Each structure stands twice: as C-alpha cells, then as structure tokens.
Amino acid sequence: MDSLDEIIEALKFKNTFQYPLESLKDGYLETLQKRLDEYVNRIEKFDNILISEDINHSKPSSSIKAMGDEVIEVIRLYLSGKVEEAYRRFSELLNRNRAYIDNLTLHIENEKEVFFRVRYSEKDITDKKDIFHIPFSLRHLVDTMRYSIAGVPCLYFGNTIYDCWLEMEKPELNKLYISKFKNIKEIKILDFAMTFHTLKKIPNIEDQHPEQYSRGTIKSFLRLYPLILSCSFKKQNTNAKFNIEYIIPNMLLQWISNEKEHIDGIRYFSTKMKHERYDSIGINTVFPPKENKDSMEGFCPRLKNTFKFTAPISWSMINTLPLKDIDTGQNNSVRETEKILQSVDEVIDSHYKMTKFYQVENNIDNYFEFLELDNKQRPKKISLLDEWF
C-alpha cells in the first residue's frame, strides 16, 4: 500500500473525522482540541513519510500541532474580546502557510464550473438583480453565519439545487426561484471540500481505477487540516445570535476578501448532510466582494463581470418546459440498495440523477441561453417555446 494511502486509511479509522463534525457535551472548543490531538497522534506514526516537505525541517506532526495550537489560541483571543489581535495572528498564520494554501487553490478556466443560486419568494421575481448578491445598499440585512460577515454581502452558490434547498431549511418548492451561473473568467477557489473519505476521486471511465489528487495536494491538505477541521463543525445552538463554530470561517472569509488577486472564493461542504463521496451533492462556494465593498449602492463590479447567469425562473415554470432526453447514468433502482440506505437523504445522495432536482438542473441547462436573457430581451417568437411563454 502506498504510504499516503496508509495515512488516509489510518485517519479514516472509526470515522473520527467524518463531516459534518458535531461538538461533544464539552462544547466546540474542547471538542476541537480533542479532534486535533487525535489527528496529531495518528499523523505522528507517519512523520518519516512527510518530512521531505516540512517547513524549517522540523517534524511534520510538530508543524501540524503548532497550527492547531495557533487556531485554538486565535479562538481564545477572540473570545477574550481581542478581536483585532486574533485576526492579526490568524492572518500571519495563513501567510506563513501560503504555499500549502496555493496547492489547495483551484484555477478554473472559463465556463468550466457551474453553480446554482436559489431564492425563496412569495411574489414573482424575474430580474437578474434579484438573484445576485444582496446589494450594498441593503447590507444591513446581512447577518453573521458560517461563511458570512455581518454587513458584507457575498455571492453564495450550491453545486446542486438540492444543496441550496437544504441550506435554506427545505422551504416550499413551488416558491423557489432558481438561477444557474457559469464563470466567464478564470476563477481561483480555495478548495476545502475535501475529506479523508473523498481524497480518492471517482473512478476513471476507461480503466475503472480511482484517480487521486496529486501528492502535493494531499500533503497540503494534511498540513492544513487543523484549519479545515475548525471550519467544519455544525453549530451547536440553532437559534443563537453568536456561534463559536463560525469564528474561524468568518476570519478566513475576511482574509480571502482582502486577497485581491490570489484567491477569489472558497468552496466547502454543507453541514446539512454527510460527505463520504468525491462527487458530493452538497458543496457550497462563496465569493466575497473585492471592489466597491464600501459602497452604499449596487453590486461588486468584479463579481458582475465574472459570471453569466440565467434570470431567475420559478420551480413551477421550469417544470413546464419541454423535457429533453436526460441521461441519468444510473440504472439501479432504489429498491436494489434500500437495505443499506438509512434515510431519505441517503437515497437522494445515492440516486441524485433520478430525482426531480437533477431534472430541473438539466432542463435549465438545456435552455440556458434563452433563460440568460431577461424577460424584456427574450425574442417573441421561439417556435418550440411559444406555448410555454
């Protein structure tokens, strides 16, 4: 077995680090410390394998432990009211580890990535501005969440409509408005949507052998894991005004917002579902504003020039569009695997391409160029769609 495979298998043992993580009775800080200690203990068995790329030639486990200790100290400083000092220490930590961060940053070429945004509304919305990030003039509506800084409107995406729906706490489907986005410029995304269970990618179609991330990527993931771990907890108190679990993700988003050129956004796993597969249907991406973020009007011009997207269309309307053939790539019925599936969420995860959510995503893609236009811009005569619009 390859040495990196051995490390991954050791870290997967007993699912100690399975996402999303939940705090024990002692609370987030104590649970985080216990998970960090366990991680370092397991890594120490493989120091000789990782030592070749270590900073200052010290033991890898020592560097990893030092990062974990710094993350804990940043949280303690914040809780003590020393917010500025906490962010300064955090920023210095990231800058010292920039090489590893660069290894986890994806450079995505034009139109090589698609995203979904979903909005719940009691009234009909058709304008593109209604599906973009909250305008700066309404920044007072932006609250602090996991990757959200109070008063800073950001652009949030899900990789599936189902993911967006879960993030919105499963509202009524018929009141959803959906838009599909594609990047029209290269985007640089810090990829935190990785776990020990997903380090092997989906099988290659030709040889059926799993593809792997590069060794440099895997090593960088192992080095940065204390940071990733601290950002991967579900909040313990559902209706709390302050969530300790959000301190580090908030600081990370602030740091990315200040990064003018190196990183545009961050992708991360939703805490609404388990993540054991590379092709997870629950991956979120957030892009903070980089320009005019202090303005009281409009939207971030840089983000506006980065994406093309459809005007919002209702769940009900997209279901009236003529369907085209959909290749689900899944021939197994739910019944064939129901013995090992424990919940409806697991059924959807395992058979996503057979769901209505996937059908809606596929139909938006079929009519992307048409839906990209606002209602006023759409041609009056499109023979295939005359009866629908």
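Lys 175 has a relative accessibility of 24%, so Lys 175 counts as partly exposed. On that scale, buried is under 20% relative accessible area, exposed is over 50%, and partly exposed is in between, with a 1.4 Å probe and protein chains only. The model is predicted, so local features need pLDDT of at least 70 and side-chain atom pairs count only at pLDDT 80 or more, while totals for chains, interfaces and linings use all residues. Residues are numbered from 1 along each chain as its sequence is written, and side-chain values use heavy atoms, with hydrogens and water left out.

Back to Lys 175 and its partner. The side chain of Lys 175 forms a salt bridge with that of Glu 122, at 2.9 Å from N to O. Glu 122 is exposed, at 58% relative accessible area. A salt bridge here is a side-chain nitrogen of Lys or Arg within 4 Å of a carboxyl oxygen of Asp or Glu. Helices (H or I, at least four residues) and strands (E, at least two) are DSSP runs numbered from the N terminus.

How many salt bridges does the structure hold? There are 18. One of them joins Lys 182 to Asp 365, with N and O 3.8 Å apart. Lys 182 lies in strand S4 and Asp 365 in helix H14 (residues 356-366), so this pair ties together parts 183 residues apart in sequence. Lys 182 counts as buried at 14% relative accessibility, whereas Asp 365 is partly exposed at 34%.

Another salt bridge is local. Arg 88 pairs with Glu 92, and their closest N and O atoms are 3.1 Å apart. Both are in helix H5 (residues 83-96); because they are four residues apart, about one helical turn separates them. Arg 88 is partly exposed at 40% relative accessibility, and Glu 92 is partly exposed at 34%. Glu 70, Arg 89 and Arg 96 are linked in a salt-bridge network.

Next, the aromatic rings. A search of the whole structure gives 30 aromatic pairs. Tyr 162 and Phe 357 have ring centres 5.1 Å apart and planes at 65°, so they are an edge-to-face pair. Tyr 162 is in helix H7 and Phe 357 in helix H14, so the pair ties together parts 195 residues apart in sequence. Tyr 162 is buried at 2% relative accessible area, and Phe 357 is buried at 8%. To count as a pair, rings of Phe, Tyr and Trp (its six-membered ring) need centres within 6.5 Å; planes under 30 degrees apart are stacked, over 60 edge-to-face, and the rest tilted. Ring pairs also link a cluster of Phe 115, Phe 132, Phe 157, Phe 181, Phe 287, Phe 299, Phe 307 and Phe 309.

Helix H9 (residues 247-258) has twelve residues and reaches 17 Å from its first C-alpha to its last, close to the 16 Å expected at 1.5 Å a residue. The expected span is 1.5 Å times one less than the number of residues. Of the twelve residues in H9, ten are buried, among them Met 251, Leu 252, Leu 253 and Trp 255.

The largest pocket has a volume of about 1600 Å³. It is lined by 46 residues, and the closest to its centre are Met 145, Ser 148, Tyr 156, Glu 167 and Met 168. Which element gives the largest share of that lining? Strand S2 does, with five residues. By class, the lining of the largest pocket has 23 nonpolar, eleven polar and twelve charged residues.

For the terms: on a 1 Å grid over the protein atoms alone, a cavity is a set of points where a 1.4 Å probe fits but cannot get out, a pocket is an open set with protein on both sides within 12 Å along at least five of seven lines, and lining residues have an atom within 4 Å of a point. Points are joined across faces, edges and corners, and a volume is the space filled by probe spheres set on them. Ala, Val, Leu, Ile, Met, Phe, Trp, Tyr, Cys and Pro count as nonpolar, Asp, Glu, Lys and Arg as charged, and the others, Gly among them, as polar.

There are two cavities of 30 Å³ or more. The largest cavity is about 70 Å³, and residues lining it include Tyr 19, Arg 146, Phe 192 and Cys 231. The second largest cavity has a volume of about 40 Å³. Helix H2 (28-43) and helix H4 (60-79) are the elements giving two or more residues to the lining of the second largest cavity, and H2 supplies the largest share, five residues.
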